[in-house]
Amino acid sequence: NNPNFQNEWTLNSNSDYHDVEYSPSGEFIVTGSEDGFVRVWNATTHINIRSANAIPGGEVTSVAFSPDGQYVAAGLDDDTMNIYYATNLTSIHGTISVDVGSGDYVNDVEFSPDSSLVAVSIGRSGNGGTNGEVKLIKVLDGAQVGNGINPNGEDRFYASSFSPDGELLAVAGNGDYYIVNITSRTTVHS
């Protein structure tokens with residue numbers, strides 16, 4: 001017990017929640033859970049106001065609100081991701097494959113500051129000829145931008161974060177982190 005910590009609200013559920021994030025306005029919270037649902041909650045009343053069954057029988061591994069508040073991205077445990085309109089959780093492009101080989105797993109989704117891209121961090125277990133990657137997906141059409149990012153031939157990427165100007169991407173890898181210029185794909189720091 002921490003006497004300095006005040007719990008504002010607890011959700012009792014039969015499912016584990018893998019990720020949670022506030023909307024830019026602070027009005028909503030998006031969650032991704034092991035029951036395959038993406039849910040948007042009112043942050044004040046704690047009422048679930050929207051839900052999408054993103055992956056029946058699977059798990060939502062990560063979620064993110066776009067900085068402009070218009071979109072929600074979800075990483076799924078079947079080597080795919082999805083981008084939804086935040087207002088109604090309708091999928092924009094349907095399921096988008098981010099597969100890099102067997103044993104891969106979407107660990108994180110993160111929007112660029114201008115809400116035009118989603119960085120998808122993918123980890124891969126074992127060594128069967130392919131490595132993990134961070135893929136950049138365009139919100140406009142769901143297409144991948146260039147080749148996946150893989151500094152140092154890493155097997156696992158756990159998370160990523162765009163710089164405030166959107167030019168650099170910090171990438172958490174297996175045993176190190178990297179800063180990559182997303183235009184030139186060169187590693188600025190490792």
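Strand β1 pairs with strand β2 (residues 28-33) in the antiparallel sense, and five bridges join them. Strands here are DSSP runs of E with at least two residues, just as helices are runs of H or I with at least four, both numbered from the N terminus. Two strands are said to pair if DSSP finds at least two bridges between them. Within this pair, Val 20 has Thr 31 of β2 as its bridge partner.

The structure is predicted, so local features are given at pLDDT of at least 70 and side-chain atom pairs at pLDDT 80 or more, while totals for chains, interfaces and linings use all residues. Residues are numbered from 1 along each chain as its sequence is written, and side-chain values use heavy atoms, with hydrogens and water left out.

The pair β1 and β2 belongs to an open sheet of four strands, which runs in the order β1-β2-β3-β4 with antiparallel pairing. At the edges of this sheet stand β1 (17-22) and β4 (48-53); each has a single partner strand, so one side of each is left without a neighbour in the sheet. From one strand to the next, the twist averages 15°. Such angles are taken between N-to-C directions and run from 0 to 180 degrees, with axes that are lines fitted to C-alpha atoms (for helices, over the stretch in contact). As background, strands of a sheet pair through backbone hydrogen bonds, either parallel or antiparallel.

Strand β14 (residues 177-181) meets β15 in an antiparallel pairing over two bridges, and Ile 179 stands opposite His 189 in β15.

Attention now turns to charged side chains. Searching the whole structure gives three salt bridges, where a salt bridge is a side-chain nitrogen of Lys or Arg within 4 Å of a carboxyl oxygen of Asp or Glu. One of them links Arg 39 to Asp 35, at 2.8 Å from N to O. Arg 39 is buried at 13% relative accessibility, whereas Asp 35 is partly exposed at 26%.

Lys 135 and Glu 133 form a salt bridge through their side chains at 3.9 Å, N to O. Lys 135 is buried, with a relative accessible area of 9%, while Glu 133 is partly exposed, with 21%. In the salt bridge between Asp 141 and Lys 138, the closest N and O atoms are 3.5 Å apart. Asp 141 is partly exposed at 40% relative accessibility, and Lys 138 is partly exposed at 32%.

For the protein chain as a whole, the secondary structure comes to zero helices and 15 strands. Of its 190 residues, 43% are buried. Among contacts (heavy atoms within 4.5 Å) with a separation of 6 or more, 37% join residues 24 or more positions apart. The accessible surface of the chain, from the Shrake-Rupley method with a 1.4 Å probe and, for residues, only the protein chains shown as cover, comes to about 9,400 Å², and 45% of this belongs to carbon and sulfur atoms.

Definitions and conventions. Buried means under 20% relative accessible area, exposed over 50%, partly exposed in between (1.4 Å probe, protein chains only).
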